[in-house]
Amino acid sequence: MRLEQIVIDSNEPSRLVRFWAELLGCEPVNREHGWAHVEPPGGVRMSFQPVPERKDVKNRLHLDFEVDDIEAAVVKAVNLGASREGVVVTDEKGSFQVMRDPEGNEFCFVH
């Protein structure tokens, strides 16, 4: 068994896929029936599934992206349409910054 893809509900998959493609340095792919996906280098495919409802509660699952410089990653993500949630947190495992993509899905930059 292997993980094939991570599927994220989205109101506008074609818009959200462009954010993630730009952030992760890969090409957006629009598919049939409103779906879209990105395949980040060295990562798992992220697919965006069209849904009518808006996100209004905290995710039960989120993605962590390891970066060399959290603040540089935050600036890039914010310039692309993400938002920062709180401040950088440092614990015994390292540091992380909680972010939200343009539709409010949480993810973290970790170092």
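Colleague: Which strand gives the largest share of the lining of the largest pocket?

Modeller: That's S1, with five residues. S1 covers 5-10, and both S1 and S8 supply at least two lining residues each. Strands here are DSSP E runs of at least two residues and helices are H or I runs of at least four, numbered from the N terminus. This is a predicted model, where local features need pLDDT of at least 70 and side-chain atom pairs count only at pLDDT 80 or more, while totals for chains, interfaces and linings use all residues. Residues are numbered from 1 along each chain as its sequence is written, and side-chain values use heavy atoms, with hydrogens and water left out.

Colleague: What volume does the largest pocket have, and which residues lie nearest its centre?

Modeller: About 420 Å³, the space filled by probe spheres set on grid points joined across faces, edges and corners. Of its 25 lining residues, Ile-8, Asp-9, Lys-55, Asn-59 and Asn-105 lie nearest the centre. A pocket is an open set of points on a 1 Å grid over the protein atoms alone where a 1.4 Å probe fits, with protein on both sides within 12 Å along at least five of seven lines; lining residues have an atom within 4 Å of a point.

Colleague: How does that lining divide into nonpolar, polar and charged?

Modeller: Ten nonpolar, five polar and ten charged. Ala, Val, Leu, Ile, Met, Phe, Trp, Tyr, Cys and Pro count as nonpolar, Asp, Glu, Lys and Arg as charged, and the others, Gly among them, as polar.

Colleague: And what about the lining of the second largest pocket?

Modeller: Eight nonpolar, no polar and two charged there, around about 160 Å³ of space. Helix H1 (13-24), S5 and helix H2 (70-80) each supply at least two of the lining residues, which include Phe-65 and Glu-66.

Colleague: Which residues of S5 are on its covered face?

Modeller: Leu-63 and Phe-65, with Asp-64 and Glu-66 on the uncovered one. In a regular strand, side chains alternate between the two faces of the sheet. S5 runs parallel to S8 (residues 106-110), joined by four bridges; DSSP must find at least two for strands to pair. Leu-63 stands opposite Phe-107.

Colleague: Switching topic, where does Gly-34 lie?

Modeller: In the loop between S2 (29-30) and S3 (36-38). Leaving aside residues up to four places away in sequence, Gly-34 touches Pro-13, Phe-48 and Pro-50, contact meaning heavy atoms within 4.5 Å.

Notes:
Buried < 20%, exposed > 50% of the residue type's maximum accessible area, 1.4 Å probe, protein only.
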